[in-house]
Amino acid sequence: MYRLEVLPEIEEQMAALPVDALVSLAEVRVMLELTPWSGDPLNREHPERNMRSVLFGPNGEGLLVYLILEDQRRVIPLQMTWLG
């Protein structure tokens, strides 16, 4: 299991999301704790690198970019965008 460390500014953005986005984001948080490598590689030319992204929201209106620190079993969301 990985430890999810959410930066305060990302936490504020998450708290401001609409309810339907929060349901999807809760599923993403579970994925980040259990299988963070299942996200899309941020750099498709180097899919083994530890920067990943995942879409969320009812219609994929959100994007979360995160960093995996494998040796520490930590995941840190770095940027969140909501277009809804």
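Arg74 is buried, at a relative accessible area of 17% (buried means under 20% relative accessible area, exposed over 50%, partly exposed in between, with a 1.4 Å probe and protein chains only). Its salt-bridge partner is Glu5, with the closest N and O atoms 2.8 Å apart (a salt bridge is a side-chain nitrogen of Lys or Arg within 4 Å of a carboxyl oxygen of Asp or Glu). This is a predicted model, where local features need pLDDT of at least 70 and side-chain atom pairs count only at pLDDT 80 or more, while totals for chains, interfaces and linings use all residues. Residues are numbered from 1 along each chain as its sequence is written, and side-chain values use heavy atoms, leaving out hydrogens and water.

**Salt bridges**

- The count comes to four salt bridges.
- Glu5 sits in the loop between β1 (3-4) and α1 (8-15), and Arg74 is in strand β5, so to speak a link between distant parts of the chain, 69 residues apart (helices, H or I with at least four residues, and strands, E with at least two, are DSSP runs numbered from the N terminus).
- Glu11 pairs with Arg29, and here the closest N and O atoms are 3.9 Å apart.
- Because Glu11 lies in helix α1 and Arg29 in helix α2 (residues 19-34), that pair ties together parts that are 18 residues apart in sequence.
- Both ends of this pair are partly exposed, Glu11 at 35% relative accessibility and Arg29 at a relative accessible area of 29%.
- As background, side chains of opposite charge can pair when their charged atoms come close.

- Arg73 is found in the loop between β4 (62-69) and β5.
- Its backbone has a positive phi of about 55°, although Arg73 is not a glycine.
- Arg73 forms a salt bridge with Glu70, with 3.0 Å between the closest N and O atoms.
- Arg73 also lies over the face of Tyr2, at 3.9 Å from the ring centre (a charge sits over a ring if NZ of Lys or CZ of Arg is within 6 Å of the ring centre and within 35 degrees of the ring normal).
- Arg73 is partly exposed at 34% relative accessibility, and Glu70 is partly exposed at 33%.

**Arg52, buried without a salt bridge**

- Arg52 lies in strand β3.
- Arg52 is buried yet has no salt bridge, and the nearest side chain of opposite charge, Asp40, is 6.7 Å away (Lys and Arg count as positive and Asp and Glu as negative, with His and the chain ends not counted).
- What does the side chain of Arg52 reach at 2.5 Å? That is the backbone oxygen of Pro47 (a polar contact is a pair of N or O atoms within 3.5 Å; within protein, one must be able to donate a hydrogen and the other to accept it, and residues adjacent in sequence count only if both atoms are side-chain atoms).
- The backbone oxygen of Trp37 lies 3.2 Å from a polar atom of the Arg52 side chain.
- Leaving aside neighbours within four places in sequence, the contacts of Arg52 include Pro36, Gly39, Leu42, Leu64, Tyr66 and Ile68 (contact means heavy atoms within 4.5 Å).

**The aromatic pair**

- The count comes to one aromatic pair.
- The rings of Phe56 and Trp82 have centres 5.7 Å apart and planes at 25°, so the pair is stacked (rings of Phe, Tyr and Trp, its six-membered ring, pair if their centres lie within 6.5 Å; planes under 30 degrees apart count as stacked, over 60 as edge-to-face and the rest as tilted).
- Distant parts of the chain are linked here, with Phe56 in strand β3 (residues 51-56) and Trp82 in strand β5 (residues 74-82), 26 residues apart.
- Phe56 is buried, with a relative accessible area of 1%, whereas Trp82 is partly exposed at 23%.

- Thr81 is found in strand β5 and is partly exposed at 29% relative accessibility.
- Leaving aside neighbours within four places in sequence, Thr81 is in contact with Phe56, Glu61, Gly62 and Leu63.
- Glu48 lies in the loop between β2 (40-41) and β3 and counts as exposed at 54% relative accessibility.
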